[in-house]
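Look through the model first, then read the notes below it.

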Amino acid sequence: MGKTRTLAEIKEKIKKGTAVVMTAQELVDAVASNPVAFDDVDVVTTATKGLMSGILGVFTFRVSPPKVHRKFVELSMNGIPGFPGPCPNEFLGVVDVLLYGTALSKDDDHYSGGVMFRELVEGKSIHVVTRSNLGAEIEMDITLEDMQYARMLGTRQGFKNYNAMVNPTAEPVNTIFSALPMRPHSAELTFSGCGAMNIFQNDPEYLTLGVGSPLLVNGGKGYLVGPGTRNYYLKPNMMAIADFKGMKPEYMGGFKTSYGVEPICSLAAPIPVLNERVFNNLIKSDNEIQLAVLNVVGREKVADITYGDVWGGNFEVKFDPTKCDDCHECPGELYCPTRAFHKRRGIDRARCYNCGLCAITCTAAPQAFDIDMKEVMIDGRGVPVVLRQSDRHGAIKLATELKTRILEGEFSLEAPTAPLDFAKEVK
Ligand code: SF4
Ligand code: SF4
């Protein structure tokens, strides 16, 4: 195993102000230009910002005085249906509610649970409509501060990177893997995964992460609960939980695809560099991390590329409205999946997901954009990347925030309480 250090030693160095904490991006950048050894780094902060279908809100709040209604059987928040229950909370006047991040408002197909979660964190008032078992309807407005309990739970989050998609069929396909209908004959490629920043990618043997590991979830304090649904030891994902109170809106929201609105969620985890094996897993660059290209219809593999092919070191989409032609119909304004793009005001940085769609769809003044969306070679043919479904720039920001909090003593590293028990086979 070579050189080692204990978690207690790392924590002591943090306390004394002598610990070296780097983001995973800083580490791979440093390794690319100079030799970096185990002795040079104590903690590496990893992160991912992606579309995570499995997130849901778990809420408890009062909707009536006690003793008035026996129980509540229906509930919506800003027009999005939730699930009241499971216990009846008989005559208490409070409800427990589960509401999925992918659930859509009945009035607006761009408004989903993920968007509502962001608005809650922004402090906005949410309109609740609930119906009792005897048909009494109650309407009220509520904020996050009014709620007794508000946690985000993820049934599967933070996959060890993901896949790229093409559509080799002869017809366009509406899919969660594309903001616009995906063009046929493999004319374009979309991908997900933060590559060298990804959490499980940096601890692929689960040598430091485990049940109870502390995390940042959307900037708020959270915990790794255990393996998520559809987990597999070679492609792990996690279930995490965190209080909505403490999250930051910029790390969350909704992303409109051609087949529904996917919730945005950001996770960051510290990896204490306990031994040289842990260190060797941390220094892999994007060029060393495989990215499978799948057929979006059926998901069979059509090619292998790497995250170096799609990221190429440029992560932030920049736009200069003064170089813009001010077209009558601007695709960026029409189709921006997060409603962050405005041709005159520019990009709302707190909403932008850096997906690149505005740059790809602008044909009138490409010089207004500063981003290289890359083209990858598949079967000897160049296929343009048209959408990034992970926000590497946002992931680096969250990993940097975690680094600062560790160094300032606001985030404590803790050993897990049990190992992660991932499935050995897929059923
Ligand atoms: S399409 Fe391009 S040039 Fe035209 S308004 Fe939009 S960003 Fe500007
Ligand atoms: S990169 Fe452009 S299209 Fe994508 S979220 Fe940002 S502003 Fe919207």
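## Basis

The model is predicted. Every local feature reported here needs a pLDDT of at least 70.

Strand S4 covers residues 72-77 and strand S7 covers residues 126-132. The two run antiparallel and are joined by five bridges. One pairing puts Ser-76 against Val-129 of S7.

S4 also pairs with strand S5, residues 80-84. That pairing is antiparallel too, with three bridges. Here Leu-75 faces Gly-82 of S5. Two residues separate S4 from S5, and the pair forms a hairpin. In the turn, Asn-78 has a positive phi of about 50°.

## Val-73

Is Val-73 buried, exposed or partly exposed? Val-73 sits in strand S4. It has 16 other C-beta atoms within 10 Å, so it counts as partly exposed. Leaving out residues up to four places away in sequence, Val-73 touches Pro-84, Arg-131, Ser-132 and Asn-133.

## The six-stranded sheet

An open sheet of six strands runs in the order S18-S17-S10-S11-S24-S23. Its pairing is mixed. Strands S18 (301-306) and S23 (375-378) are the edges, each pairing on one side only. From one strand to the next, the twist averages 35°. Strands of a sheet pair through backbone hydrogen bonds, in either the parallel or the antiparallel sense.

Within this order, S10 (residues 163-166) and S11 (residues 189-191) run antiparallel and share two bridges. Met-165 stands opposite Thr-190 of S11.

## The nonpolar core

The largest nonpolar core has 117 residues. Leu-189, Leu-267 and Val-273 have the most contacts inside it. Strand S16, residues 260-272, gives the most to this core, with seven residues. In soluble globular proteins, nonpolar side chains tend to be buried together.

Which residues does Leu-267 touch beyond four places in sequence? They are Ala-47, Thr-48, Gln-157, Gly-158, Ile-199, Leu-215, Leu-216, Val-217 and Ala-240.

## Thr-48

Thr-48 belongs to strand S2, residues 43-51. The count around Thr-48 is 32 other C-beta atoms within 10 Å, so Thr-48 is buried. Beyond four places in sequence, its contacts are Gly-158, Cys-194, Met-197, Asn-198, Ile-199, Leu-267, Ser-390 and Ala-395.

Leu-398 is 350 residues from Thr-48 in sequence. In space the two are 8.3 Å apart, C-alpha to C-alpha.

## Helix H3

Helix H3 spans residues 113-121 and is mostly covered. Eight of its nine residues are buried. Among them are Gly-113, Val-115, Phe-117, Arg-118 and Val-121. Just after H3, Gly-123 takes a positive phi of about 90°.

## Ligand shells

Ligand 1 is surrounded by Cys-324, Asp-325, Asp-326, Cys-327, Cys-330, Pro-331, Gly-332, Lys-343, Cys-362, Ala-364, Ala-365 and Ala-368. By class, this shell has eight nonpolar, one polar and three charged residues.

Around ligand 2 there are 15 residues. Cys-336, Phe-341, Cys-352, Cys-355 and Cys-358 come nearest. The shell around ligand 2 has 11 nonpolar residues, four polar residues and no charged ones.

## Two positive-phi residues

Most residues other than glycine have a negative phi. Ser-186 is not a glycine, yet its phi is positive, at about 50°. Ser-186 lies in the loop between S10 and S11. With 21 other C-beta atoms within 10 Å, Ser-186 is buried.

Asp-326 also has a positive phi, about 55°, and it is not a glycine. Its loop runs between strand S19 (318-319) and helix H7 (331-335). Is Asp-326 buried or exposed? Asp-326 is exposed, because 10 other C-beta atoms lie within 10 Å. Asp-326 is also one of the residues around ligand 1.

Key: Residues numbered from 1 in each chain as written. Chains lettered and ligands numbered in written order. Predicted model: local features only at pLDDT ≥ 70, side-chain atom pairs only at ≥ 80, totals over all residues. Near = placed C-beta within 6 Å. Nonpolar A, V, L, I, M, F, W, Y, C, P; charged D, E, K, R; others polar. Pairing = 2+ DSSP bridges. Helix = DSSP H or I, 4+ residues; strand = E, 2+ residues; numbered from the N terminus. Axes fitted to C-alpha atoms, helices over the stretch in contact; angles between N-to-C directions. Buried ≥ 20, exposed ≤ 12 C-beta atoms within 10 Å, placed from the backbone. Contact = placed C-beta atoms within 7 Å. Core = buried A, V, L, I, M, F, W, Y, C linked by C-beta atoms within 7 Å.
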